[in-house]
Amino acid sequence: MVGTPYGGAMISVRIKKAFADFTLDVAFDAPAGVIAVFGRSGSGKTTLINAIAGLIRPDEGRIVLDGRDLTGVPVHRRGLGYVFQDARLFPHMTVAQNLCYGGVHDRARLVEMLGLGGLLDRYPAALSGGEKSRVALGRALMSKPAMLLLDEPLAALDGLRKAEILPYLERLRDEVEVPMIYVTHDMSEVARLANTIVVLDSGRVVQSGGVADVLSHPASVALLGLRDAGAVLLATVVAHDVQDAVSVLEFEGGRIVLPGQVGRIGKNIRLRIPAQDVILARVAPVQISARNVLPVTVTALQIEEGAGVAVGLLAGETPLLARITMASLREMDLVVGAQIFAIIKATAVAPADRG
Amino acid sequence: MMWEAVFLSLRVSAVATIVALPLAIWVAHILARKVFRGHALLNGLVHLPLVLPPVVTGYLLLVVFGRSGVIGGLLFDWFGVTLAFRWTGAALAAGIMGFPLMVRAIRLGFEAVDAGLEDAARTLGASEARVFRTVTLPLIAPGVVAGAVLGFAKALGEFGATITFVAAIPGQTQTIPSAIYGLLQVPGQESAVVVLVVISVTLAMGALVASEWLARRMVAR
């Protein structure tokens, strides 16, 4: 386990539940904010939040939210909002009736924030997938939940619709400040929304902690898989270069240049830098097409199964993660403490990974 | 006598349907949702009137609900209520004969409801009673309407169990089918028979059309 030790945890979960072919045995504590529960399908993510919601009864366990013991409390008294993957809007009620089913807390603001004004008189059958998701979000929030549980709310949507919903979720996180448990198998959503990550595999927590710490830890390459491993860094847009059509962002440890215009100047943005898209060099490369060359210090070397090595790096105060081959490691003669250069191709930071 | 039979039939069938409906919803809910020992037994018991000869059902009603029957005796001793040879007995017979049809239609309705919607309602703070009233019941409404219409139509046509349990006393227990049967035993009553037959067909068709219309109205939403 890596990550920050939690003082004053907001939610504490201990759950055991045995099924015929699978056992969920989970324990984690997390502070308020957005807790991402990440794992492959079948890792027990949905079972876990169903147990937190009270929809399934664990064999043993204890769930405490802000000092309130929820263990054994019936579903309708837990006061948790649940956004299901398939929205589950009531088909015989209009959008307005659906929204008010659990309460009318903060109605006007939520309708405005989620862009639901034009949908109120419609029935769910007449809504698009993205609209259904927004109504489901609004419905859960109007019940004034102590916490919001989201079960892959974007999984049923295509890329465009996802991009449409994500900003709403960010606004909820930043403006409504409702704590969330966000189940997903998409690392770009984790990187963009979450403060804390709990990684599940075969019904067990294999890693948990702050998102930046977990994702930049060399051990995460083996746990999350090559495709999903990669550090998350918080950067601020400082300039737009109209002529070259790039944006310049600054973070603790350097500058990074991204193609296109990524948000207004002064905006804080989370960037996910996939470990496999970071190239390492012992000396500063010259005449190179990549725009981002950062001086870094090697902090950890972790040899994985196969021929891969996860390399922990520090650029200023910011941890980064690279994944290279054993052959490269030998040739470069890398050791912990070495001063080297990390090269990040600007296009490696895909649009979905920018928050 | 003819119109007496028609109004009696309507009253008997209406009372039978209204009284049996809540019970049928409850039993259908148990059969559709609950897993327990004795599930097959309850299912068989509910369906028994469908497969038993109606005369046998009528005879069993007489044994159980007659003045000297187990339940009939208690009803008379405690409340002074008599069912045998009364219109209330005709309603009981009609209700029991229509009950399996009601339960089957409503059970299909329950099985078509996504239990996930009920879970969603619970997470929004709804108690079990509120979940049932605001989510389950509206969603099974087409099944309930279909069950009610089937039960009503069955009650209108019920003959065997009724005549065995409550006989065919004009103005008291003589419903349309037993009136038709009685008229057929006497020569020269063909015109009255034709009128009752036309009324029977009209009522049955009316019930079917009404249920179609109601069902379509609900689905349209």
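Chain A is assigned two domains, domain 1 (11-216) and domain 2 (230-353), with bounds that come from an automatic or database domain assignment. Before going on, a word on what you're looking at: this is a predicted model, where local features need pLDDT of at least 70, side-chain atom pairs count only at pLDDT 80 or more, and totals for chains, interfaces and linings use all residues. Residues are numbered from 1 along each chain as its sequence is written, while chains are lettered from A and ligands numbered from 1 in the order in which they are written.

How far apart are the centres of the two domains? Taken over C-alpha atoms, 32 Å separate them. Their contact takes 7 residues from domain 1 of chain A and 11 from domain 2 of chain A; two residues are in contact if their C-beta atoms, placed from the backbone, lie within 7 Å. On the domain 1 side, α6 and α7 (211-216) of chain A each give two or more residues, and α7(A) gives the most, with 4. Helices here are DSSP runs of H or I with at least four residues, strands are runs of E with at least two, and both are numbered from the N terminus.

Now for the inside. The largest nonpolar core has 153 residues, and A:Val37, A:Tyr182, A:Ala342 and B:Met102 touch the most other members. Such a core is a set of buried Ala, Val, Leu, Ile, Met, Phe, Trp, Tyr and Cys residues joined through C-beta atoms within 7 Å. Buried means that 20 or more other C-beta atoms lie within 10 Å of a residue's own; 12 or fewer makes it exposed, anything in between partly exposed, with C-beta atoms placed from the backbone. Both domains of chain A give residues to this core, so it lies between them. Leaving out residues up to four places away in sequence, A:Ala342 touches several others, including A:Val278, A:Leu294 and A:Leu320.

Next, follow helix α5 of chain A, residues 159-176. Its 18 residues should span 26 Å at 1.5 Å a residue, and its end C-alpha atoms are 25 Å apart, which agrees; the expected span is 1.5 Å times one less than the number of residues. A:Ile165, A:Leu169, A:Leu172 and A:Arg173 are buried in α5(A). Their cover includes β3 (34-38), α4 (129-142), β8 (180-184) and α6 (187-193) of chain A. Just after α5(A), A:Glu177 takes a positive phi of about 55°.

Finally, look across to chain B. The contact takes 16 residues from chain A and 15 from chain B. Strand β6 (residues 80-83) of chain A gives the most to chain A's side, with 3 residues.
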